[in-house]
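Subject: Structure for you to look at

Hello,

Here is the structure I promised. Please open it next to this email and follow along.

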Amino acid sequence: MSKSAVDVPFQGGFNFDLCRRNDMLSKKGVKPPSYRKTGTTIVGLIFQDGVILGADTRATEGPIVCDKNCEKIHYMAPNIYCCGAGTAADTEAVTDMVSSQLQLHRYHTGRESRVVTALTLLKKHLFNYQGYVQAALVLGGVDCTGPHLHTIYPHGSTDTLPFATMGSGSLAAMAIFESKYKEGLTKDEGIKLVVEAICSGIFNDLGSGSNVDVCVITKGHKEYLRNHLLPNPRTYVSPKGYSFPKKTEVLLTKITPLKEKVEIIEAGEAMEE
Amino acid sequence: MDLNMNDLNQPHSMGTTIIGVTYNGGVVLGADSRTSTGVYVANRASDKITQLTDNVYICRSGSAADSQTVSDYVRYFLHQHTIQLGEPATVKVAANLVRLLSYNNKNILQTGVIVGGWDKYEGGKIYGIPLGGTIIEQPFAIGGSGSSYLYGFFDQVWREGMTREEAEQLVVKAVSLAIARDGASGGVVRTVTINSEGVTRKFYPGDKLPLWHEELEPQNSLLDILKHPGPEPMNI
């Protein structure tokens, strides 16, 4: 990269400086780390009092399960939660960013956040990055205008639906919803249906697995049921226990407590200008 | 699993059939309701007829993200324009705002739309704005992947000065014909009628639409099919 006469300040957007280095490394045979994706089954549905969101808890790096119990239901606002599928870093970053923007907006307006506000902030951001921020989201919440459920795709398009599924397990979960969903479900029926849909994803999709997380949002109240169902417990534990062969021999153990270098002044005076 | 993942990462596009026709007194806009990602139907009941102002609506086709973003921007500009003008925006202005965004960003956008509405100066008007950003005022316009199957149909059936009922029937018939032949169109038929009195939205569920050549009655269960076995195998 040629150095320009005046250094342009870092503007924002993607920085491609390391592409040449990566190219050189891959030519030398160094494989790039694979992205941590959330293979995922995420769902949402609207029931008579509000919205229920559900997600599995498996995070994958290529063919390996790197996290058996990750959290895919992200907090956006006290009354709005968002499930994320796709590249884990992208879903985390985009939901955190919009969550802070919503908090600032709440301070500005003095009102509870609306789901359409979160929706517009997310879709604007994703559209601007033309699909390179790979985050597919199910956004749900209850605000003064009622319960809302939206899906947001990586390219920035959105849909508003009474029930929705996203992620690699979405086809399995959608099959459950399409056959069993009806309007005006009670809370227990809704939770049962969501759990069934997520389990369908967990057992029939290789990219989803482990446990079921559920989040119920109603007017003025929310219940985040982390690990609501654990259908994949570790069934066999060897009774002999595990002993790892000793590799490094310990020759000497000596513990030296550090001396206090900083004096702590008690009850000092308050700082003054 | 890999095949599925690739498919679901396809951009969300609306296969679509969209139609706009004028009649004496206003316009009727119609669309199907299928949004697909690759071969998976992401939304079987989407609403492709979006409001720009009280009297102007837009039928969207092509990339869902692009058409939603363009509609959002145009709604915002039209809102400002209405405030500054002091009266409802004309259909021509709305269509031209869409055209400016489509033309000036033609390298990035992939969306073809039909803008239709009613204003007091020109009455009911339809403007087609396909890929690339041309604007063309037409008595009727068709768009989307399903429109290929409708060119001949409209050439034969279209006439000026239809009544409101005739125009609505025409739009529903046309969309349902396109749904029958185009894999990327399906679901329900939505229509929006705009005239001097206001806006009326209508909804025709998929199973209420007429059946065309070789289409079967919807079956409720496998048992029904067993009761009435299918046609005899062909003998050459």
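Which residue in E8(B) is the bridge partner of Cys59(B)? It is Ile114(B).

First, the ground rules. This is a predicted model, where local features need pLDDT of at least 70, side-chain atom pairs count only at pLDDT 80 or more, and totals for chains, interfaces and linings use all residues. Residues are numbered from 1 along each chain as its sequence is written, chains are lettered from A and ligands numbered from 1 in the order in which they are written, and side-chain values use heavy atoms, without hydrogens and water.

Helices (H or I, at least four residues) and strands (E, at least two) are DSSP runs, numbered from the N terminus. Two strands pair if DSSP finds at least two bridges between them.

**Chain B**

Start with strand E7 (56–63). E7(B) and E8(B) run antiparallel, joined by 7 bridges. E7(B) also runs antiparallel to strand E6 (residues 49–51), with 3 bridges. Here Thr50(B) faces Ile58(B). E6(B) and E7(B) make a hairpin, with 4 residues between them. Of the 8 residues of E7(B), 7 are buried, so the rest of the structure largely encloses this strand. Buried means under 20% relative accessible area (1.4 Å probe, protein chains only).

Now helix H3 (residues 91–104) of chain B. Its 14 residues reach 20 Å from first C-alpha to last, close to the expected 20 Å. The expected span is 1.5 Å times one less than the number of residues. Which residues of H3(B) are buried? They are Val91(B), Ala94(B), Ala95(B), Val98(B), Leu101(B) and Ser102(B). They lie on the same side of H3(B), because they cover an arc of only 125° around the axis. That arc is taken from the directions from the helix axis to the C-beta atoms. Their cover includes E7, helix H2 (64–85), strand E8 (111–119) and strand E9 (123–129) of chain B.

**Chain A**

Look for an open sheet of 5 strands, in the order E11-E2-E3-E12-E13, with antiparallel pairing. E11 (163–166) and E13 (221–229) stand at the edges with a single partner strand each, so one side of each has no neighbour in the sheet. Inside the sheet, E2 (residues 42–47) and E3 (residues 50–55) of chain A pair over 6 bridges. Val43(A) stands opposite Gly54(A) in E3(A). Helix H4 (residues 170–180) of chain A packs on the sheet and touches E2 and E11. Contact means heavy atoms within 4.5 Å.

Best wishes

Note on methods. Axes fitted to C-alpha atoms, helices over the stretch in contact; angles between N-to-C directions. Buried < 20%, exposed > 50% of the residue type's maximum accessible area, 1.4 Å probe, protein only.
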